[in-house]
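Please look over the sequence and the model, and then read the notes grouped by topic below.

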Amino acid sequence: MFREGIVRRYSAKAFGRSLWVFHTNTGGCNACDIEILDVLTPYFDVERFGIKLVGSPRHADVLVVAGPVTRPMIEPLKRLYESTPDPKVVLAIGACAVGGGIWFDTYNVVGGLDKVIPVDLFIPGCPPRPEAIIYGVALALGLVVKKVSYEREEQIPPEEILANLRKESGL
Ligand code: SF4
């Protein structure tokens, strides 16, 4: 899921040659970070596409963020976003960054990344596989064709489910 127009427009105009990435975690379990770093290792080797990890948000085109947003991370996350020069792209990696994951309603978590800063691309999974991360980024940049699309399932009213259960159990 991504803000297609914005990411593609930026990628074509501003990021034509390479993407410099700053990676952080706002309170996750670190499994997503391991998969993100795996993408950057020689096995997947995204540096061959010009995608490179940098040590400061001031040098980055892309913010890659994993984990749910914990309360102490709200202000640092806002500062991180403001420190990154425009145009920038924000990627939320993993179920926690997408919507808070299993922590979404816990006392110290405000939810997913988009509760605090604008997000351009959401890559779900707990954690997402490196291939899913690479596919999501390639999709956002317009390098591959979309293979699946989101479809809302028809909602069955709870009364109908209960009536069916009663009928089946003979109660
Ligand atoms: S999405 Fe799963 S793997 Fe990633 S930080 Fe949350 S709990 Fe950990």
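The predictor's confidence in each residue is given as pLDDT, on a scale from 0 to 100. The model shown here is predicted, and the protein chain averages a pLDDT of 83, with 81% of the residues scoring at least 70.

**Confidence and overall layout**

- Among the elements of the protein chain, helix α3 (residues 74–83) has the highest mean pLDDT, 94, whereas helix α1 (residues 4–13) has the lowest, 53.
- The protein chain has six helices and seven strands, and read from the N terminus its elements follow the order α-β-α-β-β-β-α-β-α-β-β-α-α.
- Of the 171 residues in the protein chain, 36% are buried.
- Among contacts in the protein chain with a separation of 6 or more, 81% are between residues 24 or more positions apart.

**Surroundings of the ligand**

- The ligand is surrounded by Gly28, Cys29, Ala31, Cys32, Ala66, Gly67, Gly94, Ala95, Cys96, Gly101, Cys126 and Pro127.
- Two elements, α2 (31–40) and α4 (95–99), are the ones that give two or more residues to this shell.
- Sorted by class, the shell around the ligand holds eight nonpolar residues, four polar residues and no charged residues.

**The nonpolar core**

- In soluble globular proteins, nonpolar side chains tend to be buried together.
- The largest nonpolar core has 36 residues, and the members that touch the most others are Leu63, Val65, Leu91, Ala92 and Ile93.
- When neighbours within four places in sequence are left aside, Val65 is in contact with Thr24, Thr26, Val90, Leu91, Ala92, Ile93, Ala97 and Leu113.

**Helix α2 and Ile133**

- The buried residues of α2 are Cys32, Glu35, Ile36 and Val39, and because they cover an arc of only 100° around the axis, they sit on the same side of α2.
- Ile133, which lies in helix α5 (residues 130–140), counts as buried because it has 24 C-beta neighbours inside 10 Å, where 20 or more are needed.
- Apart from its neighbours within four places in sequence, Ile133 is in contact with Glu35, Ile36 and Val39, and also with Ile93, Ile123 and Pro128.
- Ile133 and Gly94 stand 39 residues apart in sequence, while their C-alpha atoms are 9.2 Å apart in space; Gly94 is also one of the residues surrounding the ligand.

**Backbone details in the loops**

- A cis peptide bond, with omega about -5°, joins Asp86 and Pro87, and Pro87 lies in the loop between α3 and β5 (89–93).
- The peptide bond from Cys126 to Pro127 is also cis, with omega near -10°; Pro127 has its place in the loop between β7 (121–123) and α5, and both Cys126 and Pro127 are among the residues surrounding the ligand.
- Asn30 has a positive phi of about 85° although it is not a glycine, and it is found in the loop between β1 (19–25) and α2.
- Asn30 counts as exposed because it has 12 other C-beta atoms within 10 Å, and a residue is exposed if that number is 12 or fewer.
- Asp45 likewise has a positive phi, near 50°, in a residue other than glycine, and its position is in the loop between α2 and β2 (51–53).
- With 11 other C-beta atoms within 10 Å, Asp45 is exposed.

Notes
Residues are numbered from 1 along each chain as its sequence is written. This is a predicted model: local features need pLDDT of at least 70, side-chain atom pairs count only at pLDDT 80 or more; totals for chains, interfaces and linings use all residues. A residue is near a molecule or strand if its C-beta atom, placed from the backbone, lies within 6 Å of it. Helices (H or I, at least four residues) and strands (E, at least two) are DSSP runs, numbered from the N terminus. Ala, Val, Leu, Ile, Met, Phe, Trp, Tyr, Cys and Pro count as nonpolar, Asp, Glu, Lys and Arg as charged, and the others, Gly among them, as polar. Two residues are in contact if their C-beta atoms, placed from the backbone, lie within 7 Å. The arc is that of the directions from the helix axis to the C-beta atoms. A nonpolar core is a set of buried Ala, Val, Leu, Ile, Met, Phe, Trp, Tyr and Cys residues joined through C-beta atoms within 7 Å.
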